[in-house]
Amino acid sequence: MAISRAYISFLSTFFILFLLRNNGGVGATTLGYYSESCPNVEEIVKSSVEFFVSNDNSLAPALLRLHFHDCFVHGCDGSVLLEGSSSEMSAPANTGLRGFQVIMDAKAGVEARCPGVVSCADILALAARDAVVLTKGPSWEVALGRLDGLKSSASDTNDMPSPFDSISLLATKFAAKGLSLEDLVALSGAHTIGQADCHFFSYRLYNYGTTGASDPSLNSSSLNELKAICPSLSSNNRAALDKGSRQTWDNAYYKNIGAGNALLESDSKLGSDGSTGGLVSRFAGSLSEFDSTFVRSMVKLGNVGVKTKAGGGGEIRRMCQVTNF
Ligand code: HEM
């Protein structure tokens, strides 16, 4: 396992170099971007992530989700971190986002060593990687140099992927960010860790398609377990996205899809849809293939809509929750 993880990390470094060489115009990030201006940035971020996750391991999935939600609105620019009554974080699509305090803590640590140098968007990208590693997932080199965005509006989250979307709509939303069907299936594998609130799936237990019955694609033992966690349509408990191993990185998420144990309807449909079912089976059959594809897809996700010094349109925020003035 150690060898294959090292190999994946090695391959991903080459992939990043390839990506940057071939996609290197405005918006490209760079490996070692802070090597002179803030050489300890990776250690500082890692130590904040480790500290918080060791006290509350549910923060690891939260950090991964936070980076995804950042990147899907205005690109990976820390806009999800901006506070305000109508900012992105207040939008229904961002319900349940957590882990903000980890990013603030890391930013404080980084500012103490290299003030005004490192963006919050870069800290988010590093924290997501560190969080995956802490769950025993793969590692990868994170290219840096993102600027923080200047705006954040709840209405801009309207196109966020939803668990109620069809696969073709999810594919369209991913394609709008330059992400392929393979990226959609591999990145959804992030649901190998973490939990979801009952309101995202309780209709599958009690009133699927307004029939008053349960979703027939849900395995009966999962159905009973989930009914115990969410006793009614309006319950607000949380259940594991990946039955049996929500704290550990593995490919059981894909096996669970095949066995009718997926929690979210969108995850379940990845298995049954003709455009994605084959990829679900492949990742269910090979953890190393899932890991290596996930790493490639995370690098792509982390480069969506990036603002850089060369391209402009952003700043290095002094505090992640407010723009500079
Ligand atoms: C394909 C489209 C996706 C949909 C529809 C979706 C939907 C959801 C929903 C509804 C939740 C539960 C949130 C809650 O109740 O707090 C969730 C959790 C999560 N999502 Fe996704 N997601 C998608 C893709 C992704 C991607 C691309 C990533 C990261 C690369 C990701 C990472 C996570 C993680 C780690 C959690 C668990 C969060 C926690 O435990 O706090 N998701 N997702």
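Which domains give residues to the shell around the ligand? Domain 1 (24–163) and domain 2 (167–294) both do, so the ligand lies between them; the domain bounds come from an automatic or database domain assignment. The model is predicted, with local features requiring pLDDT of at least 70 and side-chain atom pairs pLDDT 80 or more, whereas totals for chains, interfaces and linings use all residues. Residues are numbered from 1 along each chain as its sequence is written, and side-chain values use heavy atoms, without hydrogens and water.

The shell comprises 24 residues, each with a heavy atom within 4 Å of the ligand. By class, 15 are nonpolar, six polar and three charged (nonpolar: Ala, Val, Leu, Ile, Met, Phe, Trp, Tyr, Cys and Pro; charged: Asp, Glu, Lys and Arg; polar: the others, Gly among them). Helix α3 gives the most to this shell, with four residues; helices are DSSP runs of H or I with at least four residues, and strands are runs of E with at least two, numbered from the N terminus.

The iron atom of the ligand has His-191 (NE2) as its only protein donor, at 2.1 Å; donors are N, O and S atoms within 2.8 Å of the metal (3.2 Å for Na, K and Ca), and water is not among the atoms, so sites may look incomplete. His-191 is found in the loop between α7 and β1.

Oxygen atoms of the ligand lie 2.9 Å from a backbone N or O atom of Gln-195, 2.8 Å from one of Asp-197 and 3.1 Å from a polar side-chain atom of Arg-238.

Methods: A polar contact is a pair of N or O atoms within 3.5 Å; within protein, one must be able to donate a hydrogen and the other to accept it, and residues adjacent in sequence count only if both atoms are side-chain atoms.
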